[in-house]
Amino acid sequence: MISIRKISICCLLLLLQGAFVFGNQPSRCSSMEYLQEKMANDPAIVARKLQIENDIKQWIETHKDNRLSQTVITIPCVIFNVYHNNFDSLSQAQLESQIDVLNSDFNATNTDRLSSSHPYFNKIGNAQIVFCIAETDPNGNPTSGIIRKKTTNNFTNASDIKYTNKNGIDGWPADEYLNIWVSDIAQSQFLGQADFPGDFPQGSTHDGLIVQYNAYGNIGTLTAYYDKGRTATHEIGHWLNLKHIWGDANCGDDLIDDTPKQQTANYDCPTFPHVTCSNGPNGDLFMNYMDYTDDACMSMFTKGQVQRMLATLNTTRSSIVTSNKCSGTTSVSQQKYNQVKVFPNPIQNYLVIQGLPQTKSRMFTVEIYNMLGEKVYYNTIDNSQTQLEMVGYKTGTYILNIFNEDFYFTQKLTVVK
């Protein structure tokens, strides 16, 4: 058995890593540097993180044979657009578009995911996490979930955006909401910054993530190479306790067993395979959301990363899972989502899908996964009533995903024979 002393030393070493050099490359993320700053100012963070790591290890060990969540987890988000002028006052459509990106990325329904012939295809994990824009505020009143405020603070200190008394805006309690601040952080050389679990006490109104306005969402005011919304995907990975894939050290450890070691961050779009740290023949997993490649080259979390995120949501961030601050689906597609009917459930030999919405494309992809994360069904259907044959499926629980570029739907299915 590993001693508490050894666990503490290892965790401290991992937490203190992160002084990496980017040269002239832009920094996608400053979460590790921000963590070091907070730890220097608050020694209690170290103790909280040691306990969190212990809880996560125990949860993963207990659930090691279950590679996916048994239920879809809903995370309510509140978006704070703290703007200076028209250029960083984002449209409603751009602010909402990020939620759609998150739902695609965390459920492995993104249209740019790896093909089945890629050597890393079988590593793709589906977190079964649905992000929604909050519909109830902390006082129980209806809300749009999007809060706007004009400011004169250029945020030389980026964390000022999280404080009303510094001409930013306080967030909402982080045990009930994922706070997302969006602005022009003029003096910062990063696209995003997130708080790891334990950085703040439970329920803090300053816990969440910051995203530069021109790297937020996938439409509107965006900068080339960072225009598909993957900055927020990356930062929420940190918020759910994922490290950078290179472990923030030369051939470092990201605490995930199915990610290959790699020397350092990758930028742009490397040519596959890109071999470092003796990780051939397939090399770096540079298409992972926790690397630093261009948005167009990021496309996946691994099953191991999904397991660590689920461990976080079942331990240190468990309160947000039951906060019930929105309907459980994306606010963007709420009406469309509610029209869909999937029956019977439990099912025996067939499944009927009704009410798919009118979107730019009338075609939808249908995927079904078993609880080992294996894809057991794949098809393309149109938006008319559709009946799927379910003969040959064993009794058990499955996850149904239906999606196209404008719509995403997920539901748990039970097969009874």
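A residue counts as buried when its relative accessible area is under 20%. His-118 has a relative accessible area of 17%, so this residue is buried in the predicted model. His-118 sits in the loop between α4 and β3. Beyond residues up to four places away in sequence, His-118 touches Phe-272 and Met-287. A further residue in space is Asn-282: its C-alpha lies 9.8 Å from that of His-118, although 164 residues separate the two in sequence.

The chain as a whole contains seven helices and 14 strands. Of its 417 residues, 57% are buried. Among contacts with a separation of 6 or more, 69% join residues 24 or more positions apart. The chain exposes about 17,200 Å². Carbon and sulfur atoms supply 50% of that area.

Nonpolar side chains tend to be buried together in soluble globular proteins. In this model, the largest nonpolar core has 55 residues. Ile-75, Phe-106, Ile-129, Phe-131, Leu-178 and Ile-236 have the most contacts inside this core. The most comes from α6, which gives five residues.

Ile-75 illustrates the packing within the largest core. Leaving aside residues up to four places away in sequence, Ile-75 touches Ile-129, Val-130, Phe-131 and Cys-132, among others. Its contacts also include Leu-178, Trp-239, Leu-313 and Ile-320.

Helix α4 is largely enclosed by the rest of the structure, because 11 of its 15 residues are buried. The buried residues of α4 include Gln-94, Leu-95, Ser-97, Gln-98 and Ile-99. Also buried are Val-101, Leu-102, Asn-103, Ser-104, Asp-105 and Phe-106. The buried residues of α4 pack against β2, β3, β4 (146-150), α5, α6 and β14 (407-415). The length of α4 was checked against its residue count. At 1.5 Å a residue, its 15 residues should span 21 Å. The end C-alpha atoms are 22 Å apart, which agrees. Ala-108 follows α4 and has a positive phi, near 55°.

Four strands form an open sheet in the order β11-β10-β13-β14. The pairing is antiparallel. Strands β11 (375-382) and β14 are the edges, each pairing on one side only. From one strand to the next, the twist averages 20°.

Strand β13 (residues 396-404) pairs with β10 (residues 363-370) over six bridges, in the antiparallel sense. Val-366 has Ile-402 of β13 as its bridge partner. Glu-367 is likewise bridged to Asn-401 of β13. Nine bridges join β13 to β14, and these two strands also run antiparallel. Thr-397 stands opposite Thr-414 in β14. A hairpin connects β13 to β14 through two residues. Seven of the nine residues of β13 are buried, so this strand is largely enclosed by the rest of the structure.

Note on methods. Residues numbered from 1 in each chain as written. Predicted model: local features only at pLDDT ≥ 70, side-chain atom pairs only at ≥ 80, totals over all residues. Heavy atoms only, no water. Core = buried A, V, L, I, M, F, W, Y, C linked by side-chain atoms within 4.5 Å. Buried < 20%, exposed > 50% of the residue type's maximum accessible area, 1.4 Å probe, protein only. Contact = heavy atoms within 4.5 Å. Areas by Shrake-Rupley, 256 points an atom, 1.4 Å probe, with all protein chains shown as cover. Expected span 1.5 Å × (residues − 1). Pairing = 2+ DSSP bridges. Axes fitted to C-alpha atoms, helices over the stretch in contact; angles between N-to-C directions.
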